[in-house]
Amino acid sequence: MVGGEATSAVEKLVSGVRQAADFAEQFRSYSESEKQWKARMEFILRHLPDYRDPPDGGGRLDQLLSLSMVWANHLFLGCSYNKDLLDKVMEMADGIEVEDLPRFTTRSELMKKTPELRQSSTFPLWRQT
């Protein structure tokens, strides 16, 4: 009988995971690649229990979805945000494995590498006549 109980528990677990994934699917953006969506869905599902909206509303789920977009935009598009916000989403995403991430060069890094850009950046891009 123990084997039947274990099978039943596994079936309930699988069913719950499937329902959570189906629930999260409604938040996928049409422009997200499969790789981006899988990473963002893992972020959402990991924190969904902590961000469920209370019965009277409150927008906790909206906050989670926004945080997931900040994380994905930073990771996949190179967007920059306030340091405290980035620290929060990176901590929330700790342990989520994403392969083959793009590497972005920030303006500051580019300016350090290219002396001629540093010099030209002090001059206006237009001429007075």
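Predicted model: local features only at pLDDT ≥ 70, side-chain atom pairs only at ≥ 80, totals over all residues.
Residues are numbered from 1 along each chain as its sequence is written, and side-chain values use heavy atoms, with hydrogens and water left out. Local features need pLDDT of at least 70 and side-chain atom pairs count only at pLDDT 80 or more, while totals for chains, interfaces and linings use all residues.

Start with the largest nonpolar core, which has 24 residues. Such a core is a set of buried Ala, Val, Leu, Ile, Met, Phe, Trp, Tyr and Cys residues joined through side-chain atoms within 4.5 Å; buried means under 20% relative accessible area with a 1.4 Å probe, protein chains only. F43, L64, W71 and V98 have the most contacts inside this core. Helices α2 (34–47), α3 (60–77) and α4 (83–92) each supply at least two of its residues, with the largest share, 9 residues, coming from α3. Helices here are DSSP runs (H or I, at least four residues), numbered from the N terminus.

Now look at F43 and W71, both buried. They form a stacked aromatic pair, 5.3 Å centre to centre with 20 degrees between the planes. (Rings of Phe, Tyr and Trp, using its six-membered ring, pair if their centres lie within 6.5 Å, and planes under 30 degrees apart count as stacked.) Because F43 lies in α2 and W71 in α3, the pair ties together parts that are 28 residues apart in sequence.

Finally, find E32 in the loop between α1 (2–25) and α2. At 10% relative accessibility, E32 counts as buried. Its side chain makes a polar contact (N or O atoms within 3.5 Å, one able to donate a hydrogen and the other to accept it) with the side chain of R40, at 2.6 Å.

Note on methods: Buried < 20%, exposed > 50% of the residue type's maximum accessible area, 1.4 Å probe, protein only. Phe/Tyr/Trp six-rings, centres within 6.5 Å; stacked < 30°, edge-to-face > 60°.
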